Amino acid sequence: KAVVSTQSTGGPVDSESIWESKSFGPVRCFLLDRGNQFMKRLMMSRKKIAQLAYPFITDGVTVLTVNLSRVVLEILCKAHDKMKKFQVLVTISEPDKEGAMMVKALRDKGIQATQILDCSIGFVMERVDFILVGAVGVVENGGLINKIGTYPVAVMAKSLNKPFYVAVESFKFYRNYPLCQLDLPNDSKYLKNEEKGHPSVDFTPPNLINKLFTDLGVLTPSAVSDELIKLYI
């Protein structure tokens, strides 16, 4: 049982009993407490992931990423703080151009970043050393759900033997087992109510992923199901 302190009662409140309370005060304090705990865990997770992943960024490398990912940004900033010299290519990430926001965030930190067209990944892939992306979610088979356009980047990386890495917090592990794009549930594919046929995300199969940097450690895609068992049992 979770026990929280509330200002309205001045003492601990049982999490199973507050929902029966006629006063909103205990419920509000409980929800705020859980929200604060989640934010602390989120920040700690990103710092752990950055600590694990930044050694993979060595002097002179070129990293390709897609759209805006806060955990990827944390990793790149950590490497920059450790005086690593590298450059980052960022796809513009249509239709909302999140890549432009990622480029600005990197440049604000003093990191060399270049925005590229989504359709130019085949042209630039030859000079990329590895790909590093964030995640909307990671499913039970170790596959990746992420911003639309991630899957073709992974396919291109595989064809040219470029490592494809994912940085993701463990609370984004998702109990689902898609085998192809059509297996994704509509509430995952159409996050912003776009027209059907223009999804917000796509599915990258686990065979295209080399490693996942998580707050649980550096995992292979096949290890995700084991971690889900630990989390949910």
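Serine 45 is buried, with a relative accessible area of 3%. This residue sits in helix α1, which spans residues 24-53. If neighbours within four places in sequence are set aside, serine 45 is in contact with Glu169 and Asp215. Please keep in mind that everything described here comes from a predicted model.

**The overall picture**

Stepping back from that one side chain, the protein has 233 residues, and 46% of them count as buried. Its secondary structure is made up of 7 helices and 13 strands. Among contacts with a separation of 6 or more, 70% come from residues 24 or more positions apart. The protein exposes about 12400 Å², and carbon and sulfur atoms supply 54% of that area.

Helix α3 covers residues 98-108, and its buried residues are Glu98, Gly99, Met102, Val103, Ala105 and Leu106. They lie on the same side of α3, because they cover an arc of only 165° around the axis. What do these buried residues pack against? Their partners are β3 (62-66), α2 (70-81), β4 (87-91), β5 and β8. The face of α3 turned away from the buried side carries the exposed residues Lys104, Arg107 and Asp108. Just after the helix comes glycine 110, with a positive phi of about 85°.

**Threonine 114 in β5**

Strand β5, one of the elements that the buried residues of α3 pack against, runs over residues 112-116 and includes threonine 114. Not counting residues up to four places away in sequence, threonine 114 touches Val88, Leu89, Val90, Val103 and Arg107. Val103 is one of the buried residues of α3, while Arg107 belongs to the exposed residues on the face turned away. Threonine 114 and methionine 102 are 12 residues apart in sequence, and their C-alpha atoms are 9.9 Å apart in space.

**Strands β8 and β11**

Strand β8 (residues 144-147) is also among the packing partners of the buried α3 residues. It pairs with β11 in the antiparallel sense, over 4 bridges. Within this pairing, leucine 144 stands opposite threonine 204 in β11. Is β11 (residues 201-204) covered on one face or on both? Both faces are covered: Val201 and Phe203 on one side are buried, and so are Asp202 and Thr204 on the other.

Proline 185 lies in the loop between β10 (173-174) and α6 (186-189). Leaving out residues up to four places away in sequence, proline 185 touches Tyr174 and Asn176.

As for cysteines, the count of disulfides comes to 0.

| Residue | Relative accessible area | Class |
|---|---|---|
| Serine 45 | 3% | buried |
| Cysteine 77 | 13% | buried |
| Proline 185 | 23% | partly exposed |
| Threonine 114 | 31% | partly exposed |
| Cysteine 180 | 33% | partly exposed |

Why does cysteine 77 count as buried? Its relative accessible area is 13%, and buried means under 20%.

Key: Residues are numbered from 1 along each chain as its sequence is written. This is a predicted model: local features need pLDDT of at least 70, side-chain atom pairs count only at pLDDT 80 or more; totals for chains, interfaces and linings use all residues. Side-chain values use heavy atoms; hydrogens and water are left out. Buried means under 20% relative accessible area, exposed over 50%, partly exposed in between (1.4 Å probe, protein chains only). Helices (H or I, at least four residues) and strands (E, at least two) are DSSP runs, numbered from the N terminus. Two strands pair if DSSP finds at least two bridges between them. Contact means heavy atoms within 4.5 Å. Accessible areas come from the Shrake-Rupley method with a 1.4 Å probe; for residues, only the protein chains shown count as cover. A disulfide is a pair of cysteine sulfur atoms within 2.5 Å. The arc is that of the directions from the helix axis to the C-beta atoms.
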